[in-house]
Structures are given as structure tokens and as C-alpha cells.
Amino acid sequence: MTSCRQLQVQTDDQTPHKWSVSLGEDVYKRFFSQGSPVVQKVFGDGSLFSPFLFGKFFDPSDAFPLWEFESDVLLSSLRSSGQSTVDWFQTDQAYVLKAELPAGVGKNNSVEVYVENGKVVEISGELKQQKESKKSKNTKDWRCGHWWEHGYVRKLEIPEDADLRATEAYVSHDDVILELRIPRKASSSNDQGNEES
């Protein structure tokens, strides 16, 4: 990617009880309807962090098997209305996710990428307004409680042939576009699982 900043992909996050509080649909609707403009942008239609990104409610803190679906199919209603800012695809070499970050998220807030247990990739960050108010308090990790009040997350299940150790993440275009590249492992001596002809 041109004019980009590489993000460090972290693998050793040992935060206990991280994402242990699930975001339910009723709680989300109440929170979103009363939310600030920043909340509306971060969790709104078409955002990578929206619980409704995939057509029906899905808690972003639960891992979603993204690459089992075609983006054109799963996002068809959002794309037809011009609301989707997310795309994903796979090549022979890698799994790729590209997403526009909501205004202010990439530039003013820290986007973090974690690899969990070799099976899940997590994209998360704390909202700036929350960071500033948190500095004056000595509180527990924001990800351990009602995380949606303090930040955002999207967890994705990774296919078995992905090489998570070589995951790369970039933020580009004035910290607006996130690109995540997860290389595929080199195939073993035979290609029994390859059904493409």
C-alpha cells in the first residue's frame, strides 16, 4: 500500500475477562439511539464495527467466520444503498480485509490488531473521548466491562490454512483505510483440499 503506516500485530494479550460482557441487541439499540455522533459513526450502518454489518445482529466481540462468505453476497443490501465501507477477499497467497475506519477512529484513536490462540484476529480500539476521561481514573481495562461504551471491536475467525504469525496490518490514506493481510500457509506436498479446477 502506498503512503501507509504499518500497525504492530500483537500476539501476547493476556487480559483476563476481555470481551466477557456480551453486547445484546436490545442493549445495543438503546445505546446507539442515545449515542453521540462518534458512536453513530463507529457503530453505524456499513461500519466494520457495526453489529448489523452482516445483515442481522451479531455481537462484534464474538468471532465471525468472515472468509466463509462472499462479501458481495453478505453485504449486497448495504452496497446497493452505498453504505458499505468494508470488503474482504482471498487470493492464492492471502486473506485480505479492507475497511474504511469511521471518521476519527484511525487518526485520533489507536487501532490495535491482536491474534488470539492462532484462530482469531481482533481489531479494536479505545475511543479518544474515553481515553481522556479514563486518565483521571484508575479503572480496570475498558475491554472487561461494557466495552461498547469505551471503544470498538471486530473479532474474525481465521481459516485453518492462514499463517497468523505473518499477519500484517496497515492504516493508509490519512488513517482512514485499514488493510489486514493474512498470508496462507504454504500447501503441503499434496493439494487434496484444493477443489478449484
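Throughout this passage, a residue is called buried under 20% relative accessible area, exposed over 50%, and partly exposed in between, with a 1.4 Å probe and protein chains only. The structure is a predicted model, in which local features need pLDDT of at least 70 and side-chain atom pairs count only at pLDDT 80 or more, while totals for chains, interfaces and linings use all residues. Residues are numbered from 1 along each chain as its sequence is written, and side-chain values use heavy atoms, with hydrogens and water left out.

Rings of Phe, Tyr and Trp (for Trp, the six-membered ring) are taken to pair if their centres lie within 6.5 Å; planes under 30 degrees apart count as stacked, over 60 as edge-to-face, and the rest as tilted. The count under this rule is 15 aromatic pairs. In one of them, Tyr28 and Phe32 have ring centres 5.5 Å apart and planes at 25 degrees, so this pair is stacked. Both belong to helix H1 (residues 25-33), where a spacing of 4 residues separates them by about one helical turn. Helices (H or I, at least four residues) and strands (E, at least two) are DSSP runs here, numbered from the N terminus. Tyr28 has 4% relative accessibility and therefore counts as buried. Tyr28 and Phe32 also belong to one aromatic cluster, together with Phe31, Phe43, Phe52 and Phe57.

A contrasting geometry is found for Trp67 and Tyr95: the ring centres are 5.7 Å apart and the planes stand at 70 degrees, so the pair is edge-to-face. This pair links distant parts of the chain, 28 residues apart, with Trp67 in the loop between helix H2 (37-43) and helix H3 (71-74) and Tyr95 in strand S4 (residues 94-100). Trp67 counts as buried at 7% relative accessibility, and Tyr95 counts as buried at 3%.

Two further tryptophans deserve a look. Trp147 is located in the loop between helix H6 (128-135) and strand S7 (151-157), and Trp19 in the loop between strand S2 (9-10) and H1. Although 128 residues apart in sequence, they are 7.2 Å apart in space, C-alpha to C-alpha. Trp147 is buried, with a relative accessible area of 0%; Trp19 is buried too, at 7%. The backbone of Trp19 has phi near 60 degrees, a positive value in a residue other than glycine.

Turning to the strands, two of them pair if DSSP finds at least two bridges between them. Strand S8 (residues 168-172) has 4 of its 5 residues buried, so it is largely enclosed by the rest of the structure. S8 pairs with strand S1 (residues 4-7) in the antiparallel sense over 4 bridges, and Cys4 has Ser172 of S8 as its bridge partner. S8 is also joined to strand S9 (residues 177-183) by 5 bridges, again antiparallel, with Tyr170 opposite Glu179 in S9.

Finally, a charge is said to sit over a ring if NZ of Lys or CZ of Arg is within 6 Å of the ring centre and within 35 degrees of the ring normal. Lys18 lies over the face of Tyr114 in this way, 4.7 Å from the ring centre.
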